[in-house]
Amino acid sequence: MTQLALVIDLNVCVGCHACVTSCKEWNTSGWAGPMTDQRPYDADPTGVFFNRVQTYEAGVFPNTETYHFPKSCLHCEDPPCVPVCPTGASYKREDNGVVLVDYDKCIGCKYCSWACPYGVREFDEQQKVMKKCTLCIDRITDMTLPESERKPACVLACPTRARIYGDIHDPDSEVSVAIREQGGYALQPEWGTKPSNHYLPRRKTRIQIHEDELVRVDNPLKKEELPTLPDVGETLDDVAW
Amino acid sequence: MHPAFSVIFLTTLIGVGQGLFLALYTGQLYALANLLPAQSSNFYAVGSMVSLALLFAGLIASFFHLGHPERAWRAATQWRTSWLSREVLALPAAMGLIFLYGTVHFFDLTKPLFVISGTLPVDFSLIMGGLGTFAVFGLFLCTAMIYASLRFIKAWYSPLTVANFLFLGVASGFMLAAAFSAYQGTSLVGFYGTWAVIATLFGLLTRVATLYRNGQFRCKVDLKSAVGVHHSQLEQKAQGFMGGSFNTREFFHGRSQGLLNLIRYAFLLMVFVVPVILILLAYVLESETLPLLAFGIQYLGLILERYHFFTEAQHPQNLYYQSMA
Ligand code: SF4
Ligand code: SF4
């Protein structure tokens, strides 16, 4: 079975919010829209977003590390938000594992949001139904798009390629390899909700090299011996060794 | 959690209504066993209608919680998995049976249908009441399990939640039954008052145990597990917006600890202490109005109790919404 998901690389996310704005842009006018706002130009603006980028800081100044943490529905493999829904409006797609809300069935009881420990469902105050990340279901299932564009809007927008998209049940997919080889982890694993989205941790990539390794001491083939330049009459060709 | 008054009224009103019905039926059973004087059918009919009216008022209150009340019928479809859906079925079932119970009494359709072992005459009201009792207990279970089944909200995830809903509903219902019989001038005030006090004391036991439990535990997850950064000094700097969102409105009560303490003492007094004293006084003074006062104060206390119940719940999603910048 397919389980589509995102893998978010906290090692490269710079917190630019490009995924947030591209998500809102695509989805507010797409299948999952509108994503309504209240008082957008007033002192206290608020509205529906499927994706938010938060910022955390670890450590004590000056030894701190800043984490930009994009957060959206994790499309759990065992989603606690689905069985509690009294109307069946919340469901998990059989074919690709995406968790969705049918706005035509939702009665706006908000019970699903109580049952999600990640705080990623947002109630639309204007349409009075529950909304959440659809993994851009209208993009990823649209066969008229070229394959390179059959990806969530946030993935296409990310300037640092911090967001990888694919099937985590296919062991050879880019996401599975990333999770396996770069320490991908799930949020709040204690609950057993088995989130499909994973995060890649911060990694230090330093090479181990010593000073003496930069200059060859023995130099057996005399490769690094520079030709001595003649005092006069040098041309460009003479230095192009 | 943010306490929603629609849900506070729903749970307290149907609790009283269910308790009142149980009181009426208990009275009938006692009368059948000749332990109490039999009441006029009018007593049961009017009592059932009061109970029904309370359940109906609760139902109306619940509609205010919904974004799309016109689609509420859809909520009956997922009873296999959702306690909320089960409640949506149990509530009308209980209302229907209570209505039938009242109607049977109103039209005096209480001729025995058959007699069990020569001593127990079974009539329509007995059958309807028995079924109604099942439905009412089922409804108590469904209502409480809506909260008690949310394993992430540890303050609710406990059998104590079910016990509280049951005992507090029964207590307030019997309290109302005492007030009702005092008003009707029947001799059942003492009987209902006694059971009201017993249920109230059971409720005191489980509610205080809940308060104690909720003061003790720590949540299974913390910020480190929520973000996946296992550093001892981890702090949120920005939650991604500055104007608030559904997540900051729905899951935070925004009340000061001082106010919550006040509410806690107030509900402990108004639900458990004052009504018991008033009922005892009513018994001694043979007063007709004190039981009504006892019920009124207990009901107001229950509103505060339910308010506090919601503020007690700490949702793990709050870990992600600690600082605004
Ligand atoms: S992250 Fe929350 S809303 Fe999304 S599938 Fe999991 S429990 Fe449901
Ligand atoms: S708010 Fe809508 S999707 Fe969520 S539980 Fe209620 S009916 Fe289901």
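My entries follow, starting with the ground rules.

I'm working on a predicted model, where local features need pLDDT of at least 70, side-chain atom pairs count only at pLDDT 80 or more, and totals for chains, interfaces and linings use all residues. Residues are numbered from 1 along each chain as its sequence is written, chains are lettered from A and ligands numbered from 1 in the order in which they are written, and side-chain values use heavy atoms, with hydrogens and water left out.

**Interface.** I looked up how chain A and chain B meet: 58 residues of chain B are in contact (heavy atoms within 4.5 Å) with 55 residues of chain A.

**Ligands.** I then checked both ligand shells, taking a residue as near if one of its heavy atoms lies within 4 Å. Ligand 1 has 13 residues around it, and Cys73(A), Cys76(A), Cys81(A), Cys116(A) and Arg121(A) come nearest. Ligand 2 also has 13, with Cys85(A), Cys106(A), Cys109(A), Lys110(A) and Cys112(A) coming nearest. For classes, I count Ala, Val, Leu, Ile, Met, Phe, Trp, Tyr, Cys and Pro as nonpolar, Asp, Glu, Lys and Arg as charged, and the others, Gly among them, as polar. That gives 10 nonpolar, 1 polar and 2 charged for ligand 1, and 9 nonpolar, 3 polar and 1 charged for ligand 2.

**Strands in chain A.** Strands are DSSP runs (E, at least two residues) and helices likewise (H or I, at least four), numbered from the N terminus. I found β1 (residues 4-9) of chain A running antiparallel to β10(A), joined by 5 bridges; pairing takes at least two. Ile8(A) has Arg163(A) in β10(A) as its bridge partner.

**Chain B.** Ser6(B) sits in helix α1 (residues 5-32) and is buried, with a relative accessible area of 14%. Leaving out residues up to four places away in sequence, Ser6(B) touches Ala61(B), Ser62(B), Phe64(B) and His65(B). Among the spans that UniProt (unreviewed entry) lists as "transmembrane region" are 127-150 and 265-285 of chain B. I note that residues 127-150 are 92% helix, while 265-285 are 100% helix, with end C-alpha atoms 28 Å apart.

Note on methods: UniProt positions renumbered as here; feature names shortened; annotations may be inferred. Buried < 20%, exposed > 50% of the residue type's maximum accessible area, 1.4 Å probe, protein only.
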